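Welcome! Take a moment to turn the model around on your screen before reading on.

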Amino acid sequence: LWKVLFHNDDKTTMEFVVFVLMQFYGHSTESSIEIMLKIHDTGIGLAGTYPREIAELKQEQTVSAARTQKFPLQVTIEADE
């Protein structure tokens, strides 16, 4: 399994992060806000853990949506050990 990680930046809005977590990761509003605040407070947050192909797809979807909105959101995946 692979972790999908969001990285904090000074440009991507909190609202956009919450939207993406709900849209692409299936999180509730409350869960999305909790994750967004963790990203904001610690610099990184876990969006979800998936098989590699799904993690890569979600990473691509998220980054594509961010670029469409001109946000520099960085999303990485790493093996869940």
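In what order do the 3 strands of the open sheet lie? They follow the order β2-β1-β3, and their pairing is antiparallel. Please keep in mind that this is a predicted model.

- β2 and β3 are the edge strands, since each of them pairs on one side only.
- On average, neighbouring strands of the sheet are turned by 25 degrees against each other, with direction ignored.
- β1 (2–7) and β3 (74–79) pair in the antiparallel sense over 6 bridges.
- To find this pairing on your screen, look for H7, whose bridge partner in β3 is Q74.

- α2 (29–42) lies across β1 and β2, and its direction runs at about 135 degrees to β2.
- α3 (52–68) also packs on the sheet, where it touches β1, β2 and β3.
- The direction of α3 makes about 170 degrees with that of β3.

**The nonpolar core**
- The largest nonpolar core has 20 residues, and those touching the most other members are V4, F6, F16, L21 and Y25.
- Two or more core residues come from each of β1, α1 (14–25), α2, β2 (44–50), α3 and β3.
- α1 gives the largest share of this core, with 6 residues.
- Which residues does Y25 touch, leaving out those up to four places away in sequence? They are V4, F6, V20, A47, Y50, K58, Q59, T62 and V75.

**Two lysines in loops**
- K11 is found in the loop between β1 and α1.
- Is K11 buried or exposed? K11 counts as exposed because its relative accessibility is 61%, and the cut-off for exposed is over 50%.
- Leaving out residues up to four places away in sequence, K11 touches F71 and P72.
- K11 and F71 are 60 residues apart along the chain, yet their C-alpha atoms are separated by 6.3 Å.
- K70 sits in the loop between α3 and β3.
- K70 counts as exposed too, because its relative accessibility is 73%.
- The backbone angle phi of K70 is near 65 degrees, which is a positive value in a residue other than glycine.

Methods
Residues numbered from 1 in each chain as written. Predicted model: local features only at pLDDT ≥ 70, side-chain atom pairs only at ≥ 80, totals over all residues. Heavy atoms only, no water. Helix = DSSP H or I, 4+ residues; strand = E, 2+ residues; numbered from the N terminus. Buried < 20%, exposed > 50% of the residue type's maximum accessible area, 1.4 Å probe, protein only. Core = buried A, V, L, I, M, F, W, Y, C linked by side-chain atoms within 4.5 Å. Contact = heavy atoms within 4.5 Å. Pairing = 2+ DSSP bridges. Axes fitted to C-alpha atoms, helices over the stretch in contact; angles between N-to-C directions.
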